[in-house]
Amino acid sequence: MTGVLSLSHPLPAGMRDLLPREAERRGALTRQLMESFELWGYQRVALPAFEYAEVLEQGLGTLDPAEVLRFVEPNTGEVVALRPDMTPQVARLLATRLADAPPPARLCYHGSVLRQRRERARRRHEIEQAGIELIGRSGPEGDMEILLVAAATISASGLSEFVVDIGHAGVVASLMQGVPRPSWPELIEALKVKDGAAVAELAEERRVNGAIAQALARLPELHGGEEIWPEAERVLGATPARSAALELKTLWEAARTKSVGARVSMDFGEIWNFNYYTGAMFQILAEGPGEALGSGGRYDGLFEKFGIPRPAAGFAVDIDNLDWALSKSSSPIPETTRVLVACRTDAESMLGALRAGGVRCAAAPEENPLDYAGAWHFSHLLSVDGSGALTLKGVFDRSELSLPAGAFGLVVAALSTGKPKT
């Protein structure tokens, strides 16, 4: 395929480009997330885009060929895969190059994962993430630390309205032990869509124990705040899920006491990835994307698979979903000050002074500088006439400020501190 036809499908399915303005906003958001993680003592690591499939499967189990992109590495003939998750990479790193480091390890990362997603509504395959891993700190203290870091990080991004929805993998997992394995897929699917009637019908058909069947059927309704606990205690108190339910309530109470998020809810029927997590698990939800902004929890069994049995918990932000939620909120990421300089005689020295003050700037073309500034999203156009008089125009609000010759230092000072009043 050559010529114009080669542009009819410019990107592989599920991939996309970010144009300058969007890429800049995304970069600013990512820096904010990573700086927030580092404020809590998490240290940055960089991980490769692909790993030996064997390493990923050691942490995640058998990789579904329909969901993971693999290929044969030419140098070794080994099968490698574009990572669908970064946590196994962190486990491999800790088991090898950081094996002698004393626990707990606090690590943070940023990068993309590749997943062949099947949902019709969301075609993204490349998912940009920023996340943390806390390895070597167990129990409620570790769970609470992850929750606090997650909520603080989302708040630091500028989003104030979000919900922290807490579940516990042990609730569903312990109840499912009383269900014949062949019946798991259908029951899990019904629980995912919170269809209590379908769960009850399936449990009756499969002759599941009465108390277990009743508990499974009621799980979709057990979602909310303090008001749902009496019913949760009644439904789950005489089942194997009692211990996990109590742990969930204790963590919810601690999270509410410490003001984790604008609202904290419990979901006793949470089913996503319950076979990966071993304890508390949570999602952060907000208006906009229709998916979680981030998710995490406790997965104490993973590091044992890499020969270093340690308790572990983590959290990852879906940067695209967070960016979407911010765009819908009352506190979007502010526009960057960027100045286009139109000056025929002393442009280089003016540009140098602006850059020394930390102002992003470039020289204007001779023709139609204002149109050029608008097309490339410059916030201001600074022009100088033959006498040295200055004019600072707001490109989008069309405001204008005229200054005499010699006032350039004041302009630099104002621009260095943010968007000036023009």
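In the predicted model, helix α4 (residues 139-156) packs on helix α10 (residues 242-257) at an angle of about 45 degrees, the axes lying 11 Å apart. Helices are DSSP runs of H or I with at least four residues, strands are runs of E with at least two, and both are numbered from the N terminus. Axes are lines fitted to C-alpha atoms, for helices over the stretch in contact, with angles from 0 to 180 degrees between N-to-C directions. Residues are numbered from 1 along each chain as its sequence is written. Local features require pLDDT of at least 70 and side-chain atom pairs pLDDT 80 or more, whereas totals for chains, interfaces and linings use all residues, and side-chain values use heavy atoms, without hydrogens and water.

Contact (heavy atoms within 4.5 Å) joins D143, M144 and L147 of α4 to L251, A254 and A255 of α10. By class, this contact comprises five nonpolar, no polar and one charged residues; Ala, Val, Leu, Ile, Met, Phe, Trp, Tyr, Cys and Pro count as nonpolar, Asp, Glu, Lys and Arg as charged, and the others, Gly among them, as polar.

In helix α2 (residues 53-60), A53, V55, L56 and G59 are buried, that is, under 20% relative accessible area with a 1.4 Å probe, protein chains only. The buried residues of α2 pack against β2 (50-52), β3 (70-72), β4 (79-82) and α3 (87-96). After α2 comes G61, with a positive phi near 85 degrees.

Helix α3 contains T87, which counts as buried because its relative accessibility is 6%. Beyond neighbours within four places in sequence, T87 contacts E133, Y276, Y299 and L302.

Definitions and conventions: Buried < 20%, exposed > 50% of the residue type's maximum accessible area, 1.4 Å probe, protein only.
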